[in-house]
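Here are a few quick comments to read with the model open.

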Amino acid sequence: MNNDIASGYTPEQDDVLKTLGLAVVAGQGVERLMSTCLTFVLRDEPLVSEAQLEGILRRHSKATLGQLLRILRERVDLHPSFDERFERFLESRNIIAHRLFDVPGGLDLHSDDGRKNLKAFLLRFMEDGQSLSMIFLGVIRSWSQQVGIDLPSVDAHASKAMLDHVDENVIPHLSTLLKEKTPAAGSD
(Lines give C-alpha, C1' and ligand atoms only; values in the text may rest on other atoms or scores of the structure.)
Protein backbone atom coordinates (compact mmCIF):
# COMPACT_ATOMS: atom_id res chain seq x y z
CA MET A 1 0.00 0.00 0.00
CA ASN A 2 1.31 3.41 -0.95
CA ASN A 3 1.29 5.83 2.01
CA ASP A 4 2.37 8.81 -0.10
CA ILE A 5 -0.36 11.37 -0.66
CA ALA A 6 0.17 13.71 -3.55
CA SER A 7 0.43 17.23 -2.20
CA GLY A 8 0.00 18.92 -5.52
CA TYR A 9 3.39 20.59 -5.09
CA THR A 10 6.63 19.78 -6.84
CA PRO A 11 9.37 18.05 -4.82
CA GLU A 12 11.23 21.39 -4.67
CA GLN A 13 8.14 23.13 -3.29
CA ASP A 14 7.55 20.29 -0.80
CA ASP A 15 11.13 20.68 0.42
CA VAL A 16 10.62 24.38 1.14
CA LEU A 17 7.25 23.71 2.80
CA LYS A 18 8.87 21.11 5.08
CA THR A 19 11.51 23.68 6.01
CA LEU A 20 8.72 26.17 6.74
CA GLY A 21 7.07 23.66 9.07
CA LEU A 22 10.34 23.04 10.90
CA ALA A 23 10.88 26.80 11.22
CA VAL A 24 7.45 27.32 12.78
CA VAL A 25 8.03 24.56 15.33
CA ALA A 26 11.55 25.84 16.10
CA GLY A 27 10.21 29.37 16.59
CA GLN A 28 7.61 28.12 19.05
CA GLY A 29 10.36 26.39 21.00
CA VAL A 30 12.27 29.65 21.35
CA GLU A 31 9.13 31.41 22.54
CA ARG A 32 8.50 28.70 25.13
CA LEU A 33 12.08 28.87 26.47
CA MET A 34 11.92 32.65 26.67
CA SER A 35 8.59 32.56 28.47
CA THR A 36 9.99 30.00 30.92
CA CYS A 37 12.97 32.27 31.61
CA LEU A 38 10.73 35.25 32.25
CA THR A 39 8.29 33.27 34.39
CA PHE A 40 10.80 31.58 36.66
CA VAL A 41 14.33 32.87 36.23
CA LEU A 42 14.23 36.56 35.31
CA ARG A 43 11.10 37.45 37.24
CA ASP A 44 10.89 40.86 38.83
CA GLU A 45 8.89 39.74 41.85
CA PRO A 46 9.37 36.82 44.24
CA LEU A 47 7.00 33.89 43.83
CA VAL A 48 4.98 33.61 47.02
CA SER A 49 1.82 31.74 46.05
CA GLU A 50 0.38 29.27 43.60
CA ALA A 51 -2.20 31.87 42.52
CA GLN A 52 0.58 34.33 41.70
CA LEU A 53 2.38 31.68 39.64
CA GLU A 54 -0.83 30.82 37.77
CA GLY A 55 -1.36 34.52 36.97
CA ILE A 56 2.18 34.88 35.65
CA LEU A 57 1.82 31.73 33.54
CA ARG A 58 -1.50 33.02 32.12
CA ARG A 59 0.03 36.41 31.24
CA HIS A 60 3.07 34.92 29.56
CA SER A 61 1.15 32.24 27.68
CA LYS A 62 -0.90 34.97 25.98
CA ALA A 63 2.01 37.33 25.37
CA THR A 64 3.40 37.84 21.90
CA LEU A 65 7.09 37.37 21.24
CA GLY A 66 7.42 41.15 20.93
CA GLN A 67 5.84 41.62 24.36
CA LEU A 68 8.15 39.01 25.85
CA LEU A 69 11.16 40.76 24.31
CA ARG A 70 10.00 44.08 25.77
CA ILE A 71 9.69 42.47 29.23
CA LEU A 72 13.14 40.91 28.84
CA ARG A 73 14.64 44.30 27.92
CA GLU A 74 12.99 45.86 30.99
CA ARG A 75 14.60 43.28 33.26
CA VAL A 76 18.08 42.92 31.80
CA ASP A 77 20.48 44.76 29.53
CA LEU A 78 21.08 42.73 26.39
CA HIS A 79 24.45 42.59 24.68
CA PRO A 80 24.08 44.46 21.35
CA SER A 81 24.79 41.38 19.20
CA PHE A 82 22.30 39.29 21.19
CA ASP A 83 19.71 42.07 21.00
CA GLU A 84 20.28 42.43 17.24
CA ARG A 85 19.89 38.68 16.67
CA PHE A 86 16.75 38.62 18.79
CA GLU A 87 15.27 41.57 16.92
CA ARG A 88 15.98 39.86 13.59
CA PHE A 89 14.42 36.65 14.91
CA LEU A 90 11.30 38.58 15.98
CA GLU A 91 11.01 40.33 12.61
CA SER A 92 11.47 37.03 10.77
CA ARG A 93 8.93 35.29 12.99
CA ASN A 94 6.39 38.00 12.22
CA ILE A 95 7.08 37.69 8.50
CA ILE A 96 6.55 33.92 8.72
CA ALA A 97 3.33 34.29 10.70
CA HIS A 98 1.72 37.22 8.89
CA ARG A 99 3.17 38.12 5.52
CA LEU A 100 5.53 35.47 4.22
CA PHE A 101 4.75 35.90 0.56
CA ASP A 102 4.46 39.71 0.66
CA VAL A 103 8.17 40.31 1.34
CA PRO A 104 10.04 42.26 -1.30
CA GLY A 105 12.90 40.28 -2.74
CA GLY A 106 10.95 37.24 -3.75
CA LEU A 107 10.05 34.73 -1.08
CA ASP A 108 7.78 32.39 -2.98
CA LEU A 109 7.22 28.77 -3.95
CA HIS A 110 6.71 29.29 -7.66
CA SER A 111 10.14 30.28 -8.95
CA ASP A 112 13.60 28.84 -8.48
CA ASP A 113 14.87 32.14 -7.06
CA GLY A 114 11.84 32.53 -4.81
CA ARG A 115 12.28 29.04 -3.35
CA LYS A 116 16.02 29.62 -2.93
CA ASN A 117 15.41 32.95 -1.15
CA LEU A 118 12.63 31.51 1.01
CA LYS A 119 14.68 28.51 2.08
CA ALA A 120 17.70 30.72 2.92
CA PHE A 121 15.41 33.04 4.92
CA LEU A 122 13.94 30.09 6.85
CA LEU A 123 17.35 28.54 7.52
CA ARG A 124 18.68 31.85 8.88
CA PHE A 125 15.58 32.11 11.10
CA MET A 126 16.21 28.61 12.45
CA GLU A 127 19.91 29.39 12.98
CA ASP A 128 18.97 32.51 14.95
CA GLY A 129 16.43 30.45 16.89
CA GLN A 130 19.04 27.81 17.67
CA SER A 131 21.39 30.46 19.08
CA LEU A 132 18.62 32.04 21.15
CA SER A 133 17.49 28.62 22.40
CA MET A 134 20.99 27.81 23.59
CA ILE A 135 21.16 31.09 25.50
CA PHE A 136 17.75 30.65 27.14
CA LEU A 137 18.53 27.02 27.92
CA GLY A 138 21.78 28.21 29.49
CA VAL A 139 19.89 30.75 31.61
CA ILE A 140 17.46 28.07 32.79
CA ARG A 141 20.23 25.53 33.53
CA SER A 142 22.38 28.07 35.36
CA TRP A 143 19.44 29.24 37.47
CA SER A 144 18.30 25.70 38.29
CA GLN A 145 21.81 24.81 39.45
CA GLN A 146 22.02 27.96 41.59
CA VAL A 147 18.70 27.30 43.33
CA GLY A 148 19.15 23.53 43.52
CA ILE A 149 16.22 22.52 41.31
CA ASP A 150 16.53 19.43 39.14
CA LEU A 151 14.97 19.93 35.71
CA PRO A 152 14.45 16.44 34.30
CA SER A 153 12.17 17.74 31.53
CA VAL A 154 15.04 19.84 30.13
CA ASP A 155 17.34 16.82 30.13
CA ALA A 156 14.66 14.73 28.42
CA HIS A 157 14.33 17.24 25.55
CA ALA A 158 18.02 17.90 25.00
CA SER A 159 20.84 15.57 24.08
CA LYS A 160 23.84 15.17 26.36
CA ALA A 161 25.98 16.78 23.66
CA MET A 162 23.66 19.81 23.58
CA LEU A 163 23.67 20.16 27.36
CA ASP A 164 27.46 19.80 27.44
CA HIS A 165 27.72 22.53 24.77
CA VAL A 166 25.48 24.83 26.81
CA ASP A 167 27.42 24.14 30.01
CA GLU A 168 30.83 24.67 28.40
CA ASN A 169 30.16 27.39 25.82
CA VAL A 170 27.05 29.32 26.78
CA ILE A 171 26.75 29.50 30.56
CA PRO A 172 30.24 31.01 31.02
CA HIS A 173 29.21 33.93 28.77
CA LEU A 174 25.70 34.64 30.07
CA SER A 175 26.80 37.61 32.17
CA THR A 176 28.07 39.26 28.98
CA LEU A 177 24.90 38.54 26.98
CA LEU A 178 22.38 39.40 29.70
CA LYS A 179 23.39 41.91 32.34
CA GLU A 180 21.29 42.59 35.37
CA LYS A 181 19.82 46.08 35.29
CA THR A 182 21.40 48.43 37.75
CA PRO A 183 19.00 50.56 39.78
CA ALA A 184 18.68 54.14 38.60
CA ALA A 185 20.47 56.74 40.72
CA GLY A 186 18.28 57.97 43.57
CA SER A 187 15.98 54.94 43.56
CA ASP A 188 15.74 52.40 46.34
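1. First, the terms: on a 1 Å grid over the protein atoms alone, a pocket is an open set of points where a 1.4 Å probe fits, with protein on both sides within 12 Å along at least five of seven lines, and lining residues have an atom within 4 Å of a point. Points are joined across faces, edges and corners, and a volume is the space filled by probe spheres set on them. V41, L42, V76, L178 and E180 are the closest to its centre, out of 15 lining residues.

2. This is a predicted model, where local features need pLDDT of at least 70, side-chain atom pairs count only at pLDDT 80 or more, and totals for chains, interfaces and linings use all residues. Residues are numbered from 1 along each chain as its sequence is written, and side-chain values use heavy atoms, leaving out hydrogens and water.

3. The largest pocket has a volume of about 660 Å³. G29, R32, L33, L137 and H157 sit nearest its centre, among 21 lining residues. Helix α5 gives the most, 8 residues (helices are DSSP runs of H or I, at least four residues, numbered from the N terminus; strands are runs of E, at least two).

4. Now α4, residues 80-98: its 19 residues should span 27 Å at 1.5 Å a residue, and the end C-alpha atoms are 27 Å apart, which agrees (the expected span is 1.5 Å times one less than the number of residues).
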